[in-house]
Amino acid sequence: MPGGKVDKDESISVSLLREINEELRGLCPNDPSTPKIIPIEKFTSDNGNFLYHTFIIPVATEFLPILNEEHRGFCWVELDDHPKPLHPGVWRTINFEAVTKKIKTIEKIFTL
């Protein structure tokens with residue numbers, strides 16, 4: 001799950017594409033064989049100083065990403081069978097029932 005901070009004067013979409021390129025080279029969101037980027041959640045901290053956007057990019061087949069120095073490894077897993085511990089933000093996202101329902105609905109649509 002790529003992620004990171006939106007840089008100053010950077011849009012969310014530009015930031016998302018930059019993070020994907022930095023962290024998961026090997027997935028090309030602009031490739032016609034890659035389905036669209038789907039927003040899942042926008043988390044805002046209680047004080048309003050932190051925003052966390054979550055997106056899903058369904059892919060037709062698993063691929064071998066080229067990881068950068070921010071990652072030690074990767075794995076393809078089912079939503080309910082993830083490695084532990086998870087980043088606190090990721091854990092909160094996938095343990096929020098509304099988000100889990102959205103992810104499962106997207107999974108059904110793209111596996112038909």
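Analyst: What follows starts with the model and its overall layout and then turns to the salt bridges.

This is a predicted model, in which local features need pLDDT of at least 70 and side-chain atom pairs count only at pLDDT 80 or more, while totals for chains, interfaces and linings use all residues. Residues are numbered from 1 along each chain as its sequence is written, and side-chain values use heavy atoms, with hydrogens and water left out.

The protein chain holds three helices and two strands, where helices (H or I, at least four residues) and strands (E, at least two) are DSSP runs numbered from the N terminus. Read from the N terminus on, these elements follow the order α-β-β-α-α. Of the 112 residues in the protein chain, 28% are buried; here buried means under 20% relative accessible area, exposed means over 50%, and partly exposed lies in between, with a 1.4 Å probe and protein chains only.

How many salt bridges does a search of the whole structure find? The search finds five, a salt bridge being a side-chain nitrogen of Lys or Arg within 4 Å of a carboxyl oxygen of Asp or Glu.

One of them pairs E10 with R18, whose closest N and O atoms are 2.8 Å apart, and both of these residues are buried. R18 is among the buried residues of helix α1, together with S15, L16, E19, I20 and E23. That helix covers residues 12–23, and its 12 residues reach 16 Å from the first C-alpha to the last, close to the 16 Å expected at 1.5 Å a residue, the expected span being 1.5 Å times one less than the number of residues. Strand β2 is included in what covers the buried residues of α1.

Within β2 lies T54, which counts as buried at 7% relative accessibility. Leaving aside residues up to four places away in sequence, T54 touches I38, P39, I40, E41 and T93, where a contact means heavy atoms within 4.5 Å.

A further salt bridge joins K104 to D80, with 3.6 Å between the closest N and O atoms. Because K104 lies in helix α3 (residues 97–110) and D80 in the loop between β2 (51–56) and α2 (88–94), this pair ties together parts that are 24 residues apart in sequence. K104 is partly exposed, with a relative accessible area of 33%, whereas D80 is exposed, at 59%.

Helix α3 also holds the pair E97 and K101, which lie four residues apart, about one turn of the helix, and whose side chains meet in a salt bridge at 3.5 Å, N to O. E97 counts as exposed at 54% relative accessibility, and K101 is exposed as well, with a relative accessible area of 52%. Elsewhere, salt bridges that share partners join D7, E10 and R18 into one network.

The loop between β2 and α2, where D80 lies, is also the place of W76, a residue that is partly exposed, with a relative accessible area of 38%. With L64 and F74, W76 forms a nonpolar patch on the surface, and the three together have about 340 Å² of accessible area. Accessible areas come from the Shrake-Rupley method with a 1.4 Å probe, and for residues only the protein chains shown count as cover. Patches are made of residues with over 30% relative accessible area and no salt bridge, like charges being joined within 9 Å and nonpolar side chains (Val, Leu, Ile, Met, Phe, Trp, Tyr) within 5 Å.
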